Amino acid sequence: MNNSKQMNNNKLSNLKQIVNCDTYALHDPDSEDWHTAVQRARSELQQYGCSVLTDFIRPQILNELEQQSEALAPDAYDTVETVNVYNTDPNQSLPLEHPARITFERGNAFVARDLIPENYLIHLLYANPLFKQFLAACFEIDVLHELRDPLAGLCINVLQPDRGHPWHFDTNEFTVSLLTKSADQGGVFQYCPNIRTPEQENLSDVHAVITGSAASRIQNLDLKCGDLQLFMGRYALHRVSKVQGEKERHTAIFAYTKLPDVIGSVERTRQLFGRVLPEHLAAQQNSARSDKLMD
Ligand SMILES: O=C(O)CCC(=O)C(=O)O
Ligand SMILES: [Fe+2]
C-alpha cells in the first residue's frame, strides 16, 4: 500500500474510533445518512444559529476524552480579564447606557493547541478531513480551514469552580465545541438566538439581556459530555454561567475559518495565552507592509 493510502486508512479508522458513525455517517459522505445529518444541522443553524449533535462521540471513549482533558487543564493560561460583550475597550467615549460600557470578569483559561499532543482525541478530530468536510457542509461553506495560528486553532476552555465565561459575541462567525468534562452544577451554556444581524446591533435587547431584564430571550442548553455543538456565535449573545460544586468544566473549541492562513493578532494572542510565537510576530510584520515581497 502506498503512503497516502495508508494515511487515509489511518484517518478513517481514527474517525470511526472517535465518532459515533452509526448515527452520524461522517465516514461516508455519499450516503443518505450523511445527507440527513447535514440537513438537520443546516435547518437548526438557519432557525436558531445553534445545532447540538447529541452523543457525537462514541460512549466507549468518553472516559479517555475526559482524562486527556484533565491531564492538560493544569497547562491552561489562567488570568481573570475585565471584558465587555464585544471584547472591545470598555473605556471608550460611549453613552453610559451603551452595552459596551458594561463589564464582566472573564474567568476561563485556555490550553493552547501547541500543548495538545497530536495523538490526543480532540487533536485527531480537529485535523480529520472527513470531520472538516462534514462541518463545512453543515455550515454551507465550500471548504473549512484550520487556523494557521499555532495556539488558537484548537483549545481547551477550562472553567474552574466559581468561574464563568460571561456574555459575549464571538469574533468568528461560527464555532464548533465539544464538552469534554461537565460541571456538577452550573456551567450552563446560555444563548440568545439571532439577537443581532450583520446590519443591526440591536443594542437595547443586548443591554436588556446583560443587565438581567430579558430572561425570556435566553435559551439554556443541556449539554452532555460527547455532544458536539455547532454555533453561530457572532450573531447570538452567549455565556457559560458560573460553575458550582467541586468539578471543573472543560470544552474543546475547534476553530476553523472560511479563508486560509488566519493567525491571531499579537495583542489578542497575548491576552488569551500569555505568550506569542514567531508566527504571530511575522504575521504582524507582513500585514503592516503594503506588499508581500521578500525585501
Ligand atoms: O465553553 C463553552 O461552552 C463556550 C465557549 C465560548 O463561548 C468561547 O470560547 O467563545
Ligand atoms: Fe463564545
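Helices (H or I, at least four residues) and strands (E, at least two) are taken as DSSP runs, numbered from the N terminus. Just after helix α5, Glu140 takes a positive phi of about 60°. This is a predicted model, in which local features need pLDDT of at least 70 and side-chain atom pairs count only at pLDDT 80 or more, while totals for chains, interfaces and linings use all residues. Residues are numbered from 1 along each chain as its sequence is written, and chains are lettered from A and ligands numbered from 1 in the order in which they are written.

Helix α5 itself (residues 129–138) has as its buried residues Leu130, Phe131, Lys132, Phe134, Leu135 and Cys138, where buried means that 20 or more other C-beta atoms, placed from the backbone, lie within 10 Å of a residue's own, exposed means 12 or fewer, and partly exposed lies in between. These buried residues pack against α1 (3–18), α2, α4 (121–126), β8 (175–181), β12 (228–231) and β16 (256–257), contact being C-beta atoms within 7 Å. Cys138 lies 8.4 Å from Arg40, C-alpha to C-alpha, although the two are 98 residues apart in sequence. Arg40 belongs to helix α2 (residues 32–48) and is partly exposed, because 14 other C-beta atoms lie within 10 Å.

Turning to the ligand, the residues that surround ligand 1, with C-beta atoms within 6 Å of it, are Asn157, His165, Asp170, Ser177, Phe189, His238, Val240, Thr251 and Ile253. Strands β13 (237–240) and β15 (249–254) are the elements that give two or more residues to this shell.

How values were computed. Two residues are in contact if their C-beta atoms, placed from the backbone, lie within 7 Å.
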